[in-house]
Amino acid sequence: MTPPLPDHYRQAPFAEDCAPRRILRLFSGKWTTMILHTLHLLGGTARPGKLQRSIPGLSKKMMTQTLRELETQGLIRRNVRQIMPPHVDYSLTELGQTFVEPVELLYHWAIRNADALDQLAQHEPSTSE
């Protein structure tokens, strides 16, 4: 069982640099968790083309932008192999590997609650309007 949160995380206000806000910033990108989870499933390392083919709907522009953000955050590492032509691949850092663990817990929660999530989706406003 998970230990309870420390008292200073159980009441508002929350400081700008508190753990809850910091983790929410990591989740703020639409593709963040999918890219991290996909890298994990691909053995921790993948070339950009393989990564993009593994995530339908992810444009090259958004993938590049998200990969840069994840690299800045220290969750992935960009590796350039100096061969002709140069090869680039991305790999999970140790921090990125540990971040995948709670992401998978959330995915399990979504699977267990799929019916409720389907009901919520029926009540969401259409984005095509």
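Guide: Happy to; we will start with the salt bridges and then move on to a pair of helices. Keep in mind that this is a predicted model. The number of salt bridges comes to two.

One of them joins the side chains of Arg21 and Glu16, with 2.6 Å from N to O. How open are these two partners? Arg21 has a relative accessibility of 32%, so Arg21 counts as partly exposed. Glu16 reaches 55%, and because exposed means over 50%, Glu16 falls in the exposed class.

Now look at Arg81, which pairs with Asp89 in a salt bridge whose closest N and O atoms are 3.6 Å apart. Arg81 is partly exposed, at 40% relative accessibility. Asp89 has a relative accessible area of 9%, and because buried means under 20%, Asp89 counts as buried.

Next, find helix 2, residues 32-41, and helix 4, residues 60-72. Their axes come within 10 Å and cross at roughly 80°. Angles from 65 to 115 degrees count as roughly perpendicular, so that is how helix 2 lies to helix 4. Which residues make the contact? From helix 2 come Thr32, Ile35 and Leu36, and from helix 4 come Met63, Thr66, Leu67 and Leu70.

Definitions and conventions. Residues are numbered from 1 along each chain as its sequence is written. This is a predicted model: local features need pLDDT of at least 70, side-chain atom pairs count only at pLDDT 80 or more; totals for chains, interfaces and linings use all residues. Side-chain values use heavy atoms; hydrogens and water are left out. A salt bridge is a side-chain nitrogen of Lys or Arg within 4 Å of a carboxyl oxygen of Asp or Glu. Buried means under 20% relative accessible area, exposed over 50%, partly exposed in between (1.4 Å probe, protein chains only). Axes are lines fitted to C-alpha atoms, for helices over the stretch in contact, and angles run from 0 to 180 degrees between N-to-C directions. Helices (H or I, at least four residues) and strands (E, at least two) are DSSP runs, numbered from the N terminus. Angles under 35 degrees count as roughly parallel, over 145 as roughly antiparallel, 65 to 115 as roughly perpendicular and the rest as oblique. Contact means heavy atoms within 4.5 Å.
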